[in-house]
Amino acid sequence: MSPLNRRRLLQLTGGLALAASTPALSKQASAADLSGDVALMREAFTAIHPAIYSYNSPAEMSARFDLLASEWASSGSFEDRLLALTRLTAAFRCGHTYPNPWNQSQSVQARMFEGRRGVPFEFLWLDGTMVVTRDRSSAGLFSRGDAVVAVNGVTTSELLRRLMPLSRADGSADAKRVNNMEMRGDNRFEAFDIHLPLVLRGLAEEADFTLHDGRTVRAGLLTLAERQSTMAAATNDDSVNPWTLITGDDGIVRLTCPTWALYDATWDWRSWLGTTMDDLAADGARGLIVDLRGNEGGLSECGDIIASRLISADIESPRSLRFVRYRRVDPALNPYLSTWDNGFRDWGERAVGPDDRGLYRLTDEDDDTSGMVRPAGRQFRRPVMVLCDASNSSATFGFAQMVKDNGLATLVGPATGGTRRGVNGGYFFMRLPASGFEVDLPHTAIVPRTPQPDEPVLPDVVVGFSRADIAAGYDPQMAAATARILNA
């Protein structure tokens with residue numbers, strides 16, 4: 001999701017309170033204190049995380065926690081501790097499990113982004129190289145489309161290899177892991193800024209960037225404040241519509257949704273979206289392109305409203321069944337777990353089980369009508385294209401899956417993120433008292449009713465991009481979607 005979606009939700013619902021309540025980071029925390037943090041995390045994750053054994057055996061997870069304890073005991077370095085913690089959480093292969101920068105205390109955030117560590121350009125990964133999309137240096141050192149092939153003599157393909165084990169994603173969704181490590185300039189906290197200094201030590205005021213033509217450019221690195229000062233304007237105003245709707249001269253309507261995280265929105269987005277879809281049918285639009293690139297997810301109801309205007313009979317949404325690993329959180333853990341709904345701490349009789357996996361099924365999903373999308377409003381009968389990419393890994397992943405499986409629209413782009421096997425959601429924000437780190441701890445597994453493969457949603461029309469496309473500012477996905485509508 002982009003900065004106004006899931007990250008914005010966490011900031012609103014838990015992050016600010018968490019930052020205020022988390023003790024300041026101790027620069028010289030004792031090994032004994034840190035071992036207590038690891039023991040606490042091991043206990044909480046083993047008791048609560050619904051997918052702790054989805055991609056690792058109990059023995060493998062135990063060994064991973066043992067390794068974290070050993071690494072934390074032997075290192076006094078903040079960077080080493082963050083590296084070890086991130087490697088552990090990424091091993092869960094869960095896109096919602098990580099030390100979330102949005103939810104850290106101010107002191108931890110400051111150390112995550114300490115000094116100059118931001119590369120002076122925005123970029124996308126293409127075949128192991130960083131392809132520049134925007135120069136952020138003060139001297140015009142980079143051009144759109146430049147391919148950076150090494151940083152301080154380390155090849156970018158090697159840097160990406162080191163970054164991949166630290167990137168959060170579900171299952172085998174490696175395209176999502178790469179997507180996380182791009183620098184797109186639309187996020188207050190960029191994962192690449194956090195992780196590059198962990199895998200490339202010794203960064204200082206400047207770095208050497210080797211380009212595809214053999215030139216080496218020495219450029220100053222950016223502080224977090226410098227990066228944010230030149231970011232594209234974004235709003236955290238929940239009364240403002242973050243979506244754009246444009247009707248082109250070709251008669252095609254383009255709806256761009258950078259986020260579906262509207263949990264606290266005060267504008268009536270449901271009415272707006274329903275009315276917009278109804279008006280499309282009445283106005284005779286030639287076609288509709290829904291652009292979900294960069295949108296991790298948010299409220300699945302956004303996709304349901306769109307889908308309800310594309311169907312003439314009920315269809316089933318892929319939200320499926322929900323499972324948890326506990327019926328009631330151990331009271332001893334509660335002081336370290338913040339959340340926005342204390343009902344998550346005790347499911348009571350709603351949790352049925354456990355089954356042979358040690359999971360309890362939440363009975364909210366027993367109603368046969370749950371997960372159904374029903375026709376509503378005016379049916380739109382013109383061609384519909386959905387632009388997807390590897391960022392789609394939560395609610396937008398579910399929408400892409402529903403669109404593809406029911407033939408509601410044509411998916412255009414690369415494969416999505418996420419996995420058909422299911423994802424995890426619902427959060428505790430776990431505070432580790434000695435180190436000061438926060439870790440997002442999901443508590444609910446959302447899985448399909450029938451077993452599915454560990455793979456993303458594949459588009460109907462596969463469209464990639466080239467360095468030449470980036471250099472020219474050409475959008476091959478939009479062009480392909482437009483052409484299909486015009487030729488329909």
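User: In which hand does helix 10 pass helix 11?
Analyst: The crossing of helix 10 with helix 11 is right-handed. Keep in mind that this is a predicted model.

User: At what angle do helix 10 and helix 11 pack, and how far apart are their axes?
Analyst: The angle is about 25 degrees, and the axes are 9 Å apart. Helix 10 covers residues 269-283 and helix 11 covers residues 300-308. Angles under 35 degrees count as roughly parallel, and helix 10 and helix 11 are therefore roughly parallel to each other.

User: Which residues meet there?
Analyst: From helix 10, Trp269, Arg270, Leu273, Gly274 and Met277. On the helix 11 side they meet Glu301, Cys302, Ile305 and Ile306. By class, the contact of helix 10 with helix 11 has 6 nonpolar residues, 1 polar and 2 charged.

User: Which strands does helix 10 lie across?
Analyst: Helix 10 lies across strand 7, strand 8 and strand 9. Relative to strand 8, helix 10 runs at about 165 degrees.

User: What is the strand order in the open sheet?
Analyst: The order is 7-8-9-16-17-20, with 6 strands and mixed pairing. Strand 7 (244-247) and strand 20 (461-462) are at the edges; each has a single partner strand, so one side of each has no neighbour in the sheet.

User: How many bridges join strand 17 to strand 20, and do they run parallel or antiparallel?
Analyst: There are 2 bridges, and the two strands run parallel. Val412 has Val461 in strand 20 as its bridge partner.

User: What is Thr266 in contact with, leaving aside neighbours within four places in sequence?
Analyst: Asp238 and Ser239. Asp238 is 28 residues away from Thr266 in sequence, while the C-alpha to C-alpha separation is 5.8 Å.

User: How does strand 1 run against strand 2?
Analyst: Strand 1 and strand 2 (residues 129-135) run antiparallel and are joined by 6 bridges. Phe123 stands opposite Val132 in strand 2. The hairpin has 2 residues between the strands, and Asp127 takes a positive phi near 50 degrees.

User: And Ala219, buried or exposed?
Analyst: Ala219 is buried, with a relative accessible area of 1%. Ala219 is found in strand 6 (residues 216-220).

User: What does Ala219 touch, not counting residues up to four places away in sequence?
Analyst: Pro120, Leu141, Phe142, Glu205, Glu206, Ala207 and Phe209. Between Ala219 and Glu206 there are 5.4 Å from C-alpha to C-alpha, and the two are 13 residues apart in sequence.

User: Last one: at what angle do helix 3 and helix 4 pack?
Analyst: Helix 3 (residues 58-74) and helix 4 (residues 78-90) pack at about 175 degrees, axes 9 Å apart. That makes helix 3 roughly antiparallel to helix 4. The contact includes Met61, Phe65 and Leu68 of helix 3 and Ala84, Leu85 and Leu88 of helix 4. By class, the contact of helix 3 with helix 4 has 7 nonpolar, no polar and 4 charged residues.

Notes
Residues are numbered from 1 along each chain as its sequence is written. This is a predicted model: local features need pLDDT of at least 70, side-chain atom pairs count only at pLDDT 80 or more; totals for chains, interfaces and linings use all residues. Side-chain values use heavy atoms; hydrogens and water are left out. Axes are lines fitted to C-alpha atoms, for helices over the stretch in contact, and angles run from 0 to 180 degrees between N-to-C directions. Helices (H or I, at least four residues) and strands (E, at least two) are DSSP runs, numbered from the N terminus. Angles under 35 degrees count as roughly parallel, over 145 as roughly antiparallel, 65 to 115 as roughly perpendicular and the rest as oblique. A crossing is left-handed if the near helix is turned anticlockwise from the far one by less than a right angle, and right-handed if clockwise. Contact means heavy atoms within 4.5 Å. Ala, Val, Leu, Ile, Met, Phe, Trp, Tyr, Cys and Pro count as nonpolar, Asp, Glu, Lys and Arg as charged, and the others, Gly among them, as polar. Two strands pair if DSSP finds at least two bridges between them. Buried means under 20% relative accessible area, exposed over 50%, partly exposed in between (1.4 Å probe, protein chains only).
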